[in-house]
Amino acid sequence: MNTLPPTPSQPSQVLSSLRETMLGLKHLFAQTESQEVTPLQVQVLASLRMHPGISPTQLSERLFLSSSSMAQLLQRLTGSGWIRRESTATDLRATTLFLTDEGIAVLARYGELQDRQHIKAVFAELSSKEIDQLTHLLDKLNVALRKDITNDKE
C-alpha cells in the first residue's frame, strides 16, 4: 500500500524534501547523458525551445548558472552548431539565442521525448489540482530565489 510521507512543516524539512526531489530529477536527466551531449546541455536546448529569443542573461538566471558558466556553455553549443546568436535590432551588442535545426534534432534524440514520457508518468501520481498547487509554489520559490540572487550581486 502506498503511503504518503509526512507533510513537512518547517523550512528545513521543505528544503530537504525539495533537495530529494531535485536529486531524483537530476538522476532522471542524467539518464540522457552520452558522449555527445550532457544533461545541462539538454536543459539549455529545452529552455531555448520553450523560450526562443531569450537573452543569455535571462537564460543564466532561469537556470541558476553564473554568467561565466553560461558564456562557456553557450560557446560550446554555438561551436557545435546547436544554437545561434542573433543581434537585437535595437542594440547590436545585445544578443538573443535560438535553436538551430541541428539543435532541435539533438534535443529530440537525447531526452526531450524520453524525459517528457518519464515525467508524465511521475506526475500521473498527482491530481491536476496538486500539479497546479506545486507549480504555484515552485513559481513562488523561484521568485524568492531570484530576489536572493539579485540581492547577493549588490
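The following questions and answers go through a predicted model of a single chain, from its overall layout to individual residues.

Me: What kind of model is this, and which pLDDT is needed for local features?
Reply: Residues are numbered from 1 along each chain as its sequence is written, and side-chain values use heavy atoms, with hydrogens and water left out. The model is predicted, totals for chains, interfaces and linings use all residues, side-chain atom pairs count only at pLDDT 80 or more, and local features need a pLDDT of at least 70.

Me: In what order do the helices and strands run from the N terminus?
Reply: The chain has seven helices and two strands, where helices (H or I, at least four residues) and strands (E, at least two) are DSSP runs numbered from the N terminus. Read from the N terminus on, the order of the elements is α-α-α-α-β-β-α-α-α.

Me: What percentage of the residues of the chain count as buried?
Reply: Buried means under 20% relative accessible area, exposed means over 50%, and partly exposed lies in between, with a 1.4 Å probe and protein chains only. Applied to the 154 residues of the chain, the buried share is 22%.

Me: What share of the contacts with a separation of 6 or more comes from residues 24 or more positions apart?
Reply: A contact here means heavy atoms within 4.5 Å. Among contacts in the chain with a separation of 6 or more, the share from residues 24 or more positions apart is 50%.

Me: Which word describes how H2 and H5 are oriented to each other?
Reply: Helix H2 (residues 39–50) and helix H5 (residues 101–109) pack with their axes 10 Å apart and at an angle of about 120°; axes are lines fitted to C-alpha atoms, for helices over the stretch in contact, and angles run from 0 to 180 degrees between N-to-C directions. Angles under 35 degrees count as roughly parallel, over 145 as roughly antiparallel, 65 to 115 as roughly perpendicular and the rest as oblique. The relation of H2 to H5 is therefore oblique.

Me: Which residues make the contact of H2 with H5, and how many of them are nonpolar?
Reply: H2 contributes Val 42, Leu 45, Ala 46 and Arg 49, while H5 contributes Gly 103, Ile 104, Val 106 and Leu 107. Ala, Val, Leu, Ile, Met, Phe, Trp, Tyr, Cys and Pro count as nonpolar, Asp, Glu, Lys and Arg as charged, and the others, Gly among them, as polar. By these classes the contact has one charged residue, one polar residue and, as the number asked for, six nonpolar residues.

Me: Is Gln 41 buried or exposed, and what does Gln 41 contact?
Reply: Gln 41 is found in helix H2 and is buried, because its relative accessible area is 9%. Leaving aside neighbours within four places in sequence, the contacts of Gln 41 are Glu 36, Leu 73, Arg 76, Leu 77 and Trp 82.

Me: Which residues does Ile 83 touch, leaving out residues up to four places away in sequence?
Reply: Ile 83 lies in strand E1 (residues 83–87) and counts as buried, at 3% relative accessibility. With residues up to four places away in sequence left out, Ile 83 touches Leu 45, Leu 48, Leu 74, Leu 77, Thr 78, Leu 97, Phe 98, Leu 99 and Thr 100.

Me: Which residues does Thr 96 touch, not counting residues up to four places away in sequence?
Reply: Thr 96 has its place in strand E2 (residues 95–99), and at 15% relative accessibility Thr 96 counts as buried. Not counting residues up to four places away in sequence, Thr 96 touches Gly 53, Ile 54, Arg 84, Arg 85, Glu 86 and Thr 88.

Me: With which residue does Glu 86 form a salt bridge?
Reply: A salt bridge is a side-chain nitrogen of Lys or Arg within 4 Å of a carboxyl oxygen of Asp or Glu, and the structure holds one. The closest N and O atoms are 2.8 Å apart, and the partner of Glu 86 is Arg 84.

Me: What is the phi of Phe 64?
Reply: Most residues other than glycine have a negative phi. Phe 64 lies in the loop between H3 and helix H4 (67–79) and is partly exposed at 36% relative accessibility. Although Phe 64 is not a glycine, its phi is positive, at about 55°.
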